[in-house]
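Please look through the structure below. The paragraphs that follow lead through it part by part.

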Amino acid sequence: MAVLAVAMLIPVGYVVATVLDLGWAELQPLVFRPKVGELLMNTVLLLALGVPATVVLGVGGAWLVERTDLPGRRFFAVLLVAPLAIPAFVSSYGWASAIPSINGLGGGLLVATLAYYPLVYLPALATLRGLDPALEESARSLGQSSWAVFGRVILPQLRLAILGGGLVVALHLLAEYGAFAFIRFDTFTTAIVVAYQSTFAGSSAAALGVVLATLCLVLLVIEAAARGRARYARVGTGSPHPAVPVPLGRVTPLAIAALVVLGAAATVVPLVNVVRWLAASDPAALGEMPAAIAQTVLLATGGAIGALLVALPVAWLSARHPGRLSRALEAPYYVASSLPAIIVALALVTVTLRLVPAMYQTAATVMAAYVVIFLPRALVSLRAGIAQVPESLEEAARSLGAAPIAARLRVTAPLLLPAIAAGGALVALGAANELTATLLLAPTGTRTLATQFWSAASAIDYPSAAPYALLLILLSVPAVALMFAQTRGGRSR
């Protein structure tokens, strides 16, 4: 497990090695130049405006469907999470089809906010479902208005959900390539890809990678500091009864209109344009689709299996033997995956060329990138599954004469199948939609659904891109449904 944990730090090691190899004399002019200042300004504005926008939409939507008497709450609860089934670069394609002039910071904010606000909405929804309604009822009994209860009672308890969701959104904004490249909005990731394609693994791409990785680590530190050490769990048993819905009154039509507009902008606009271009596509031009589907399934399945194999030992240790050792072995997994896919790809390019050239631009390297990028999806699912399996079942099997390994295979493994399937599905579907690392690492001639879509869309061949966009959306639906079901806890209203 220690070897795996060290291997997960390869992207971090790449950043450190880049700084040491270039040296300050060479790194300084590459970092402190007008182009980097422009990219930094774009990034700061994107984060400063985009993250709060996603928090407002995510928390506001979660509160409306979970705590108010909004008509059609079940419909809107699903509508608000639906944008997760549309990859950000497909959403950008849809909006560029609807408004060809869309570009720059405004376009980037529009596409990114609509694509990523569900990453705040889901944890906020889950947190609201777990809050003790007695606290809100006590505040109302003291004469507090509904808005005062929301601001003074509910919002502070959503702190972890907001910080965690906001961090995930911020990391996605830093890592996104396709959505911003499509509408001509320059970020560090788009600039790194351009620099890599023009100078291969040159110093310019490496220097930009150092700045991008530094920004990601700064975000991690800020989130950890803002999270603090306050406790948010119930001290007692709480009050296990449904919360009384807050009446919206005259605001009801406005709330419904706002949610309809949000759902239409985030979901309907991209889908309508995908279908519109699909109707104009030439069936004869889809001869490469079977190969793209097969290669997507192969690479995504390989990445999912690899992620499960890597995550299982540390998930077992974390669930069955929690402590400093398990936390120390688990931390590199999350640190590595917090770095953008472009950094992971550049790190694997450098490592394979210097240490194992035979691995450069092979399917195995692509799968390794998927493992690093999407490992937390497998780790979280496996850890939760292992924690739910009582150790007493294994002990009973051993008392009947079964060896420890046999007891785990016969008793624990079957009970872990749902968690294994969930983790594998989340990794596989994330890998199927992954674009940046696949473009840089895939062997020549590799065709996945994402790369085929990007090849056609970037050439402004929208009709040819539409079938691949539709397949990417259909592939994402099961993962989104699974995440939504986990958030709702299997309960319906």
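This is a predicted model: local features need pLDDT of at least 70, side-chain atom pairs count only at pLDDT 80 or more; totals for chains, interfaces and linings use all residues.

Helix 3 and helix 10 are oblique to each other, a word used here for angles that are not under 35 degrees (roughly parallel), over 145 (roughly antiparallel) or 65 to 115 (roughly perpendicular). The angle between helix 3 and helix 10 (residues 159-175) is about 140 degrees, and their axes lie 9 Å apart.

Residues are numbered from 1 along each chain as its sequence is written, and side-chain values use heavy atoms, without hydrogens and water.

Thr68 sits in the loop between helix 3 (34-67) and helix 4 (73-81). With 0% relative accessibility, Thr68 is buried, that is, under 20% relative accessible area with a 1.4 Å probe and protein chains only, where exposed means over 50% and partly exposed in between. A polar atom of the Thr68 side chain lies 2.5 Å from the backbone oxygen of Leu64. Beyond four places in sequence, Thr68 touches Trp63, Arg73, Pro245, Val246 and Leu248.

Helix 22 (residues 449-458) is largely enclosed by the rest of the structure, because eight of its 10 residues are buried. Among them are Phe453 and Trp454. Just after helix 22, Ile460 has a positive phi of about 60 degrees. Phe453 is also one of the residues in contact with Val90, which include Val274 and Leu472.

Terms used. Contact means heavy atoms within 4.5 Å. Helices (H or I, at least four residues) and strands (E, at least two) are DSSP runs, numbered from the N terminus. A polar contact is a pair of N or O atoms within 3.5 Å; within protein, one must be able to donate a hydrogen and the other to accept it, and residues adjacent in sequence count only if both atoms are side-chain atoms. Axes are lines fitted to C-alpha atoms, for helices over the stretch in contact, and angles run from 0 to 180 degrees between N-to-C directions.
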